Amino acid sequence: MQVQSYLFFDGRCEEALEFYKKAVGAKVEMLMRNKESPEPPPPGMKAPPEKIMHAAFRIGETQVLASDGMCGGAPKFQGFSLTLDTRDDAEAKRYFGALSEGGQVQMPLTSTFFSANFGMLTDRFGLGWMISVVA
């Protein structure tokens, strides 16, 4: 069994994929647009044909799934964060800085009892991240 995150970017999926490629070296493994679906859209689905129906991307060893969803333009990511474990302080600072660009820092990187360097942020899409140095 495997649990995966499926993120709905509400019309900003392609922008998010490009951002994560630059910020954390994400690699897009699969991308299907609405217009490429072998079946017609379900009743009530009004997403534009060029928007992303389904994508899979990899950050490090983890695959994350994503979509434009209903394309309302305001993604809401509440009640969870993605955690990025890094090897050292330099890597933590690099990813923290890149992900926080255009976003908001909740807790700057700092030493804690559980990590040599730990911080929390919300990126430009409203997605929460926790960055940690794993010893």
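Author: A residue is called buried when its relative accessible area is under 20%, exposed when that area is over 50%, and partly exposed in between. The coordinates discussed here are those of a predicted model.

Reader: Which exposed residues does the face of α2 turned away from its buried side carry?

Author: Helix α2 covers residues 89-100, and its buried residues are Glu91, Ala92, Tyr95, Phe96, Leu99 and Ser100. Seen down the axis of α2, these buried residues fall within an arc of 140 degrees, so they line one face of the helix. The face turned away from that buried side carries the exposed residues Ala90 and Lys93.

Reader: Against which elements do the buried residues of α2 pack?

Author: In general, an α-helix has 3.6 residues a turn, so residues three or four places apart point the same way. In this chain, the partners of the buried residues of α2 include the helix α1 (13-24) and the strand β5 (81-86). The complete set against which they pack is α1, β5, β6 (104-110), β7 (118-122) and β8 (128-133).

Reader: What distance does α2 reach from its first C-alpha to its last?

Author: The helix has 12 residues, and at 1.5 Å a residue the expected distance is 16 Å. The distance in the model is close to that expectation, at 16 Å.

Reader: In what order do helices and strands follow one another along the sequence?

Author: The protein chain has 2 helices and 8 strands. Read along the sequence, these elements follow the pattern β-α-β-β-β-β-α-β-β-β.

Reader: Is Leu82 buried or exposed, and which residues is it in contact with, leaving aside its neighbours within four places in sequence?

Author: Leu82 is found in strand β5, and its relative accessible area is 13%, which means that it counts as buried. The C-alpha atoms of Leu82 and Ser5, which are 77 residues apart along the chain, are separated by 8.8 Å. With neighbours within four places in sequence left aside, the residues in contact with Leu82 are Ser5, Leu7, Leu127, Gly128, Trp129 and Met130.

Reader: What share of the contacts between residues at least 6 apart in sequence join residues at least 24 apart?

Author: Leu82 and Ser5, at 77 residues apart along the chain, are in contact, and this pair illustrates the kind of link being asked about. For the protein chain, among contacts between residues at least 6 apart in sequence, the share that joins residues at least 24 apart is 56%.

Reader: Where is Asp10 found, and what is its phi near?

Author: Asp10 is found in the loop between β1 (6-8) and α1. Its relative accessibility is 18%, and it therefore counts as buried. Its phi is a positive value in a residue other than glycine, near 50 degrees.

Reader: What does Cys71 count as, at its relative accessibility?

Author: Cys71 is found in the loop between β4 (62-67) and β5, and its phi, near 65 degrees, is again a positive value in a residue other than glycine. Because its relative accessibility is 22%, Cys71 counts as partly exposed.

Reader: How far apart are the C-alpha atoms of Glu18 and Phe77?

Author: Glu18 has its place in helix α1, and with a relative accessible area of 36% it is partly exposed. Along the chain, Glu18 and Phe77 are 59 residues apart, and the separation of their C-alpha atoms is 19 Å.

Definitions and conventions
Residues are numbered from 1 along each chain as its sequence is written. This is a predicted model: local features need pLDDT of at least 70, side-chain atom pairs count only at pLDDT 80 or more; totals for chains, interfaces and linings use all residues. Side-chain values use heavy atoms; hydrogens and water are left out. Helices (H or I, at least four residues) and strands (E, at least two) are DSSP runs, numbered from the N terminus. Contact means heavy atoms within 4.5 Å. The expected span of a helix is 1.5 Å times one less than its number of residues. Buried means under 20% relative accessible area, exposed over 50%, partly exposed in between (1.4 Å probe, protein chains only). The arc is that of the directions from the helix axis to the C-beta atoms.
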